[in-house]
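Student: I'd like to learn how to read a model like this one. Can we go through it feature by feature?

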Amino acid sequence: TRNQFGGAIGGPLVRDKLFYFVGYETLHEDLGKTISSFVPDDNARLGLLPDGPVAIADAIRPYLNAIPRANGAAFGSGLATHTFNFEQTVDQDFFQGRLDHQRGTAHQFFARYTYDDVVQRLPTDYPQFPRAFISTNQFATFEYRNVLSAGTLQTARFGYSRTRIGQNVEANLASPLP
């Protein structure tokens, strides 16, 4: 399912002097996906490889057991496929607002603010390690313009930006790894 909607409105607050604009948009998506990855086949989990047997150290066994078992075709080289279903989600909110002020013909000012927030739940190669991508952006801009003469314009602008990007990876295991 995908739901995307929004709206915008703007206009004068004070005739020929002060104007506003605001807009909002959101996206909510649930997307079913089928993920296929390569995993050790049952023989490789026992140390039986095509080139001969290998010993699997006890310290490695918990990590090997954390990898899902094959549920698809074996390729004969110690690898097989593991396929699983995953619900990938996106939740995003975007907002922007702006004010414009005209003080006579010589002085103009505007302020703009933008906010964008996204959380995505994404798959990895293995079902027990899904990840969440998180992004939050905020931007603000202020500008003052002064017309000094027909050939001279004075402008001052200030901007602010803040970006937060992160990723959380889950470890949904029956027991913690050493």
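Student: How much of the chain is buried?

Tutor: Buried means under 20% relative accessible area, exposed means over 50%, and partly exposed is in between, with a 1.4 Å probe and protein chains only as cover. Here buried residues make up 25% of the 178 residues. Keep in mind that this is a predicted model, where local features need pLDDT of at least 70, side-chain atom pairs count only at pLDDT 80 or more, and totals for chains, interfaces and linings use all residues. Residues are numbered from 1 along each chain as its sequence is written, and side-chain values use heavy atoms, with hydrogens and water left out.

Student: What about the surface, and which atoms supply it?

Tutor: Accessible areas come from the Shrake-Rupley method with a 1.4 Å probe, and for residues only the protein chains shown count as cover. The chain exposes about 11,700 Å², and 56% of that comes from carbon and sulfur atoms.

Student: Which secondary structure elements are there, and in what pattern?

Tutor: Elements are DSSP runs numbered from the N terminus: helices are H or I with at least four residues, strands are E with at least two. This chain has 2 helices and 8 strands, following the pattern β-β-α-β-β-α-β-β-β-β. Its radius of gyration is 28 Å, well over the 16 Å that the globule rule gives for 178 residues, so the chain is more spread out than a compact globule. That radius is taken over C-alpha atoms, and the rule is 2.2 Å times the number of residues to the power 0.38. Along the principal axes, the C-alpha atoms fill a box of roughly 85 × 30 × 30 Å.

Student: How many bridges join the pairs?

Tutor: Antiparallel E1 and E2 (residues 18-40) are joined by 12 bridges, with Gly6 partnered by Glu25 in E2. E5 (residues 79-103) and E6 (residues 107-122) pair over 15 bridges, and Gln102 has Gln108 in E6 as its bridge partner. E5 and E6 form a hairpin with 3 residues between them, and Gly104 in the turn has a positive phi of about 70°. On to E6 and E7 (residues 131-149): that antiparallel pair has 16 bridges, and Tyr115 stands opposite Gln138 in E7.

Student: Let's zoom in on Gln88. Is it buried or exposed?

Tutor: Gln88, in strand E5, has 12% relative accessibility, so it counts as buried. For its surroundings, contact means heavy atoms within 4.5 Å. Leaving aside neighbours within four places in sequence, Gln88 is in contact with residues including Leu31, Lys33 and Arg121. A polar contact is a pair of N or O atoms within 3.5 Å; within protein, one must be able to donate a hydrogen and the other to accept it, and residues adjacent in sequence count only if both atoms are side-chain atoms. The side chains of Gln88 and Lys33 make one at 3.3 Å.

Student: And what does Arg121 touch?

Tutor: Arg121 sits in strand E6 and is partly exposed, at 31% relative accessible area. Not counting residues up to four places away in sequence, Arg121 touches Gln88, Pro130 and Glu170, among others. With Glu170, the Arg121 side chain makes a polar contact of 3.2 Å.

Methods
Two strands pair if DSSP finds at least two bridges between them.
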